[in-house]
Amino acid sequence: YEALGIPWRRGYLLYGPPGTGKTSLVTALASEMKLNVCVLSLASPTVNDEKIANLLSSVPQRSVILIEDVDAFFRQRDKADTSVKVSYSGFINALDGVAAHEGSVVFLTTNHPDLIDEAAIRSGRVDFRMELGLCDASQLERMFLKFFDDASAAARFAREVEAARLHRHCRGDHGHPRGESHADMPGGQVAVVSEESQLPRLAFHRPVDPGDDRQEMIDPFPV
């Protein structure tokens with residue numbers, strides 16, 4: 001990069017249902033690599049086009065930048081909330097414009113990637129897209145076993161969660177009243193919380209040509 005005069009930057013988009021660990025993943029990665037996490041809120045009334053550029057250019061070394069719930073601020077190229085002072089062009093230019101921070105690593109999170117304009121997450125601004133889906137039965141069992149050393153209860157917990165998930169999907173209800181199920185299991189309330197926290201199941205995608213529907217599975221952190 002230095003020899004070619006190309007600025008080194010990396011952008012990651014984490015998307016998936018609420019509670020699947022998008023923010024937790026960023027925190028865990030930063031902790032593992034001993035990096036700072038700088039959280040930028042686009043909702044702040046003091047953050048305008050000039051301020052966001054200054055903030056991103058002043059990020060300290062060995063830091064990752066986290067911008068959560070991007071779809072809550074911009075729907076395609078329109079502001080989702082009138083209180084947002086940053087323009088769409090100011091936002092994307094701050095990510096990779098002339099004043100963008102050299103060596104920056106930016107994580108964007110969203111529950112609805114389809115609401116984000118493709119220009120904001122094109123290759124060059126977002127190098128990898130990572131889907132964090134709902135946990136499967138094996139992950140549910142392992143989650144349970146972290147709290148209770150009971151393999152049969154863990155298997156029952158996984159079956160009940162998946163059955164409840166299927167039931168909600170069939171009736172079109174994606175909510176989950178706390179305490180609705182698992183009350184007869186050891187630590188029933190913990191079980192419900194663990195379902196909402198969801199162990200993430202990761203799928204890593206390299207953005208490809210817009211006309212090509214294929215997604216290439218890759219390792220986002222190659223050695």
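**Exercise 1. The start of helix α4**

Task: In this predicted model, find which backbone nitrogen a side-chain oxygen of D136 reaches at the start of α4.

Solution: 
- Go to the start of α4 and pick out D136.
- A side-chain oxygen of D136 comes to within 3.2 Å of the backbone nitrogen of S138.
- The cut-off for a polar contact is within 3.5 Å.

**Exercise 2. The buried face of α4**

Task: Name the buried residues of helix α4 (residues 137-145), then work out why they line one face.

Solution: 
- The buried residues are Q139, L140, M143 and F144.
- Look down the axis of α4: these buried residues fall within an arc of 140 degrees, so they line one face of the helix.
- An α-helix has 3.6 residues a turn, so residues three or four places apart point the same way.

**Exercise 3. Stacked rings**

Task: How many aromatic pairs are there? Classify the pair Y12 and F107, then the pair F74 and F91.

Solution: 
- The count is 6 aromatic pairs.
- For Y12 and F107, the distance is 4.9 Å centre to centre, with 20 degrees between the planes.
- Planes under 30 degrees apart count as stacked. Y12 and F107 are therefore stacked.
- Y12 sits in strand β1 (residues 10-15) and F107 in strand β6 (residues 105-110), so the pair ties together parts 95 residues apart in sequence.
- Now check burial. The cut-off for buried is under 20% relative accessible area.
- Y12 is at 5% relative accessibility, so Y12 counts as buried. F107 is at 3%, so F107 counts as buried too.
- Turn to F74 and F91. Their ring centres are 5.5 Å apart and their planes are at 20 degrees, so this pair is stacked.
- F74 belongs to strand β4 (residues 74-75) and F91 to helix α3 (residues 88-96), and the two are 17 residues apart.
- F74, at 3% relative accessibility, counts as buried. F91, at 1%, also counts as buried.
- One cluster remains to be named: Y12, F107 and F128 form one aromatic cluster.

**Exercise 4. Strand β3 and its neighbours**

Task: Is strand β3 (residues 63-67) mostly covered or uncovered? Which strands pair with β3?

Solution: 
- β3 is mostly covered: 5 of its 5 residues are buried.
- Sort them by direction. S63, I65 and I67 point one way, V64 and L66 the other way.
- Strand β2 (residues 36-39) pairs with β3 in the parallel sense over 4 bridges. Here V39 has L66 as its bridge partner.
- β6 pairs with β3 in the parallel sense, over 4 bridges. V64 stands opposite V105 in β6.

Note on methods: Residues are numbered from 1 along each chain as its sequence is written. This is a predicted model: local features need pLDDT of at least 70, side-chain atom pairs count only at pLDDT 80 or more; totals for chains, interfaces and linings use all residues. Side-chain values use heavy atoms; hydrogens and water are left out. Buried means under 20% relative accessible area, exposed over 50%, partly exposed in between (1.4 Å probe, protein chains only). The arc is that of the directions from the helix axis to the C-beta atoms. A polar contact is a pair of N or O atoms within 3.5 Å; within protein, one must be able to donate a hydrogen and the other to accept it, and residues adjacent in sequence count only if both atoms are side-chain atoms. Rings of Phe, Tyr and Trp (its six-membered ring) pair if their centres lie within 6.5 Å; planes under 30 degrees apart count as stacked, over 60 as edge-to-face and the rest as tilted. Two strands pair if DSSP finds at least two bridges between them.
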